[in-house]
Amino acid sequence: MKMIPLLPEVAAFIDARQALRIGGQTSDAPENLTVVNPSTGRSLAVVACAGHAELDLAVQAATMAFQQGDWGRMLPQDRGRILWRLADLIEERAPIFGQLDALDNGKPYAIARDVDAHWSARHFRYFAGWPDKIEGATIPVGTPDRLNYTRVEPVGVCGLITPWNYPLLMASWKLAPALAAGNTIVLKPSEETPLSALYLADLALEAGIPAGVLNVVPGYGHDAGDALASHAGVAKIGFTGSTRTGREIVKASAGNLKKLSLELGGKAANIIFPDADLSRAIPGAFWANFGNNGQSCTAGSRLYVHADVYDQVLDGLTGLAAGIRVGPGLEDPGHDLGPVISEKQMQMILGHVETSQKEGATVLAGGVRAPGDGWFIPPTIISAVTDEMTIAREEVFGPVLSVLKFDDEADVLARANHSDYGLAAGLWSQDVTRVRRFADALEAGTVWVNCWGETDAASPFGGVKQSGYGREMGKDAIGLYTQTKSVWVG
Ligand code: NAD
């Protein structure tokens with residue numbers, strides 16, 4: 001098997017034991033975190049692992065940077081210029097970011113470079129335009145001789161906690177608005193995929209972000225993550241991860257009543273009506289679930305198909321699954337899907353498949369580990385799924401698609417909404433009145449019609465129900481990282 005050669009910068013980066021990035025400097029920690037390459041199952045890199053003490057140092061550095069005000073009180077135009085420069089640097093170093101994420105996440109290099117890194121740069125570029133547009137208002141109050149106006153201010157030190165499925169992109173989604181608003185940051189990336197966040201911290205300094213404004217501290221969730229969520233010096237937590245961890249963070253944050261925004265799990269319903277253009281709906285529904293190997297919070301993992309087209313859709317899906325190539329992140333030439341993130345995750349996914357069979361579903365494609373040292377599972381399609389089955393209710397977060405049959409429109413709406421989650425939903429239909437009805441009635445933060453997975457730095461994104469609260473992206477994201485002060489002048 002031929003592999004893409006490592007860039008010299010990447011080889012040097014993973015060979016060195018990476019330290020924490022605190023106060024604009026590298027900072028050691030007594031513990032190590034071993035990062036494993038899911039394409040090989042072997043150790044890839046060792047990085048310093050933050051615990052409570054290191055976390056505390058990072059919060060102190062961020063607090064000092066916030067109080068000094070070199071970032072928050074800088075001319076907003078200058079803050080924007082620096083964020084734009086950071087976007088340029090991310091774009092320029094996209095091959096480096098691409099290799100780092102392909103190595104520690106396992107996703108194909110071309111995707112890590114052209115999707116994750118490119119969209120991260122776009123995200124910083126969009127938010128680079130915000131600092132000089134964060135405006136207050138003058139309020140026409142009813143008290144004579146008083147001027148009342150508002151100031152929209154940064155919240156202070158923000159703790160950002162991110163998952164492993166889009167290592168660079170999830171960090172960028174949070175960092176760009178938080179920095180644009182003038183906050184200082186402690187970022188704790190996932191223990192599975194800390195490399196691109198550490199590299200980004202170096203680039204932020206190179207772009208001109210003052211020391212101490214962005215601190216990056218890899219560590220375990222129950223340790224460094226919990227220390228961040230409960231730290232009295234942290235004003236806000238921006239979190240993306242599982243619903244279970246989201247609940248832990250709500251509890252941990254209660255001490256100083258932090259602001260929270262939570263982007264949590266999902267179990268998205270995707271509905272194919274008989275009038276859909278199947279030449280688009282079938283590949284659309286396939287990639288809605290298997291994009292990023294199903295390791296996506298918006299994966300369209302509950303596919304409801306009308307009885308009239310059920311067999312045709314299943315044939316199309318299994319045909320597509322048969323043509324998919326699965327391989328290591330840096331394989332040359334590239335392939336379609338990488339490994340799942342860890343052995344534990346692989347066992348959990350295969351366990352879900354087994355349970356679905358015990359509960360009466362049929363595995364039409366995949367469902368077993370694919371050959372190789374890494375943790376590979378080919379696209380798995382399960383038919384004859386019913387709403388009560390575990391596979392239809394719980395988030396699998398892997399390459400497993402459940403296909404459910406429906407006959408009646410009102411019935412499928414109730415079934416689609418019968419979920420604890422509400423991150424995304426979608427439908428495929430040519431009937432504009434039905435499209436409007438469903439777009440209104442589906443209980444989800446995002447609804448996709450005749451497409452799937454689109455997001456944009458300018459468009460709000462987030463969940464309802466147990467998929468969390470708060471909207472990242474667009475002007476809503478600025479709201480997540482600011483607070484309004486009312487000033488009265490006599
Ligand atoms: P996870 O919840 O296990 O971990 C996410 C992050 O939280 C990691 O950095 C982890 O170290 C940290 N963490 C774990 N326990 C913690 C604790 N007690 N206190 C503080 N931090 C803690 O999730 P994961 O396995 O990394 O990611 C997969 C999950 O993330 C899925 O449920 C997926 O749906 C969700 N996700 C959601 C979105 C979204 O935008 N809604 C995007 C990506 C992933």
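Author: A polar contact here is a pair of N or O atoms within 3.5 Å; within protein, one must be able to donate a hydrogen and the other to accept it, and residues adjacent in sequence count only if both atoms are side-chain atoms. The model is a predicted one, in which local features need pLDDT of at least 70 and side-chain atom pairs count only at pLDDT 80 or more, while totals for chains, interfaces and linings use all residues. Residues are numbered from 1 along each chain as its sequence is written, and side-chain values use heavy atoms, with hydrogens and water left out.

A polar side-chain atom of Glu-191 lies 2.6 Å from an oxygen atom of the ligand. For the side chain of Trp-164, an N or O atom is 3.0 Å from a ligand oxygen. Gly-221 takes part through its backbone, with a polar atom 3.3 Å from an oxygen atom of the ligand. Taken alone, the ligand exposes 840 Å², and the protein buries 90% of that (Shrake-Rupley method, 1.4 Å probe).

The shell around the ligand has 28 residues (a heavy atom within 4 Å of the ligand). Among the closest are Thr-162, Glu-191 and Glu-395. By class, the shell has twelve nonpolar, ten polar and six charged residues; Asp, Glu, Lys and Arg count as charged, Ala, Val, Leu, Ile, Met, Phe, Trp, Tyr, Cys and Pro as nonpolar, and the others, Gly among them, as polar.

Domain 1 (8-264 + 467-489) and domain 2 (269-456) both give residues to this shell, so the ligand lies between them. The domain bounds come from an automatic or database domain assignment.
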